[in-house]
Amino acid sequence: MTTGSHGAGTLLAGRYRFEDLLTEHDGAHFWRATDTVLARSVAIHAVPSDDPRAGSLMEAARLSATVNDSHLLRVLDADDDGELAWVVNEWGEGLSLDLMLQRGTLAPERAAWLTREVAEAVAAGHRQGVAHGRLNPEAVLVTHVGSVKLIGYVVDASLHPPVTADPLYGALDERRADVIDLGGILYASLTGRWPGVAPSSVPAAPRDAHRPLRPRQVRAGVPRVLDAICDQVLQPEGSHHVHLTTAHEVAAALADFTGGVGAVEPVALAAMHDEPTVAVPPPGDAPEDRSSEPETDRGDAEYDPEATQLSAAVAPGASAPPGPAMEQTALHREPLEGPDTLSPLQAPDVVPPPPPFEDSPERPLFATTERRVPAGAASEPTQRWDDTAGSRTGSHPGHTGAHTGHHTGHHTGTHGGSTAGPESWLFSDTDPAPAPGNGHEGRGWLRTAVVIGVVLVTLVAMAVAFTLGRQDGSVLSGITGGDDDPTQASETPSQRVRIASVEDFDPEGDPADENPEEAPNAVDGDPATSWSTVTYRNRPDLGGLKAGVGLMLDLGEDREVGSITVRFGASPTSFEVYAAPRGVTEFPSAVSQLEKVAARADAPARTTLGMETKPTTRYLLVWLTELPPADGGYQGKIAEIAVRS
């Protein structure tokens, strides 16, 4: 299919090949094309150069490029070659909201999450004074991995007549129209009907005079909170709520409902029509006293089970909205019986008590004489114990009788000279024999203290050695071991190689740099600072956009490299190490000018790679090929790099 002199197969700017014509409107064309340089799909809006909209299309591209938000499909390129004015955007793989609604409406939690994501993106643009201008279900895309993207920010509106006035809202600027359409996105997700001011292929919402009916009047079971948010945005008059007039206010209101993105965010596009695994209890959705609620002239279907069909008097010929009945959603399942329901409690099953504990065998308070009194104790009267002091004062056999007389007199005075038989040996003049080897009990404590001291000194020495190893980029391999240790130590100890400078290396980027101001953080000796890549979406291999990105080390002169240690800010990270040939003195401009000398897939946070050939080089490249997960996608971080000979 052709469009003038430009059709499928046309190579635009020697780089972009037209593949599929997606839409055509009044001479403006929207193509899926292939970037032949980077081998990826892109989206292209194009109009003839003599079209009056060509200038506004170029201006829209410049404005859209100023908004930095992860929800937008970025502008990658734009030009007017005299025949065609065109803008190249990122390509999004997924499904737009208008096509999702053909299958059915979304669960309330999903609808709130989706609209919140869109509202945050629109709010980011509004803060910079840039509006979408044509926000409708066709402009909202959910990718296969469950993230939200906005199509044609500013650009799409430049190719269509602007909406400057509406019978209900009067004169409108672009930002006010965006906010109304945000309410329309939530309304459409809940009901399958479109009440916004931007044109859409989604069936229009039923109206009472000029005002759209509230979502709960179109479909039963819509949570009160979401019904109120739609009312606050779409009803400038007659609503008893505080109006929501900015995208930020809409996002904040929806955040209060969802309570957190993680609870309702789908894991993939295929889950958009599924119920969230964690139900979000809408605040204020419990039964309430409505005696003080103002009457409205629009009716109320809040408690009407027949409200899934529109009244013929209000919307003649209208049919029920598409999608499954709300009774199938998590908010309308039959409650389980229990303390939080109105169902009568059932008597619990009678569970027999556990068997009683068995009585323990009786134990005498004192052991028998045979167990307490060592054999032959009565025949060794020279062994004496001082009951008062709790310590032994007698002597071994062969000591003088002075000790014996002293101890005997002590017992006589204490017990009144009473005598006791063998069963009362505790109060007798005969004491048990001491355990063999006793008599130097204090030395045991001394030996224990010495052992503890030696252990503490050893631990302190190990800690000092480990700290010194961290400071020079290595760890004692004999202590730590594991994948992070340097390769086998050689007879000649390695030396730290000084890094003269470091720069980011992104030859396939556009522009060809990634956070160049952060590059010195990777060699400053401080693990708390780091160089980081941008965040890539969808895939860990840099989103499939490029082969890699990394840091180029300048060693100042040709040096032999035996190993390299890299500390990553996140893991796992797959990376490769390249070296320039000996004698190269100019900064390399492509990976093809270098030789791969080491590689590691799924590397941990600290990794040391040994060089089998020990290249002699001035330039060393740490090249990241797969990045670890990060907030919103995948991002690599390098905290420190150490090179050793």
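The model is predicted, so local features need pLDDT of at least 70 and side-chain atom pairs count only at pLDDT 80 or more, while totals for chains, interfaces and linings use all residues. Residues are numbered from 1 along each chain as its sequence is written, and side-chain values use heavy atoms, with hydrogens and water left out.

Salt bridges to begin. By that I mean a side-chain nitrogen of Lys or Arg within 4 Å of a carboxyl oxygen of Asp or Glu. Searching the whole structure gives 15 of them. The background is simple: side chains of opposite charge can pair when their charged atoms come close.

Take R15 and D35. Their closest N and O atoms are 2.7 Å apart. R15 sits in the loop between β3 (11–12) and β4 (16–25), and D35 is in strand β5 (residues 28–35), so this pair ties together parts 20 residues apart in sequence. Helices and strands here are DSSP runs, numbered from the N terminus: H or I with at least four residues for helices, E with at least two for strands.

Is D35 buried or exposed? Buried means under 20% relative accessible area, exposed means over 50%, and partly exposed is in between, with a 1.4 Å probe and protein chains only. D35 counts as buried, at 1% relative accessibility. R15 is partly exposed, at 21%.

R17 bridges to E19, with closest N and O atoms 2.9 Å apart. R17 is partly exposed at 31% relative accessibility, and E19 is partly exposed at 24%. Then D20 meets R32, at 2.8 Å from N to O. That pair links distant parts of the chain: D20 belongs to strand β4 and R32 to strand β5, 12 residues apart. D20 is partly exposed, with a relative accessible area of 36%.

Next, helix α8, residues 247–258. Its 12 residues reach 17 Å from first C-alpha to last, close to the 16 Å expected at 1.5 Å a residue. The expected span is 1.5 Å times one less than the number of residues. Which residues of α8 are buried? A247, V250, A251, A253, L254, F257 and T258. They lie on the same side of α8 because they cover an arc of only 165° around the axis. That arc is taken over the directions from the helix axis to the C-beta atoms. Facing away from the buried side are the exposed residues H248 and D256. After α8 comes G259, with a positive phi near 75°.

Now the surface. V451, I452, V455, L456, L459 and M462 form a nonpolar patch there, with about 550 Å² of accessible area together. Patch residues have over 30% relative accessible area and no salt bridge; nonpolar side chains (Val, Leu, Ile, Met, Phe, Trp, Tyr) are joined within 5 Å, like charges within 9 Å. Areas come from the Shrake-Rupley method with a 1.4 Å probe; for residues, only the protein chains shown count as cover. V451 is in helix α12, residues 442–471. V451 counts as exposed, at 51% relative accessibility.

Last, strand β26, residues 616–626. Here 10 of the 11 residues are buried. Strand β21 (residues 549–560) runs antiparallel to β26, joined by 8 bridges. Strand β23 (residues 573–579) is also antiparallel to β26, with 6 bridges. Strands pair if DSSP finds at least two bridges between them.
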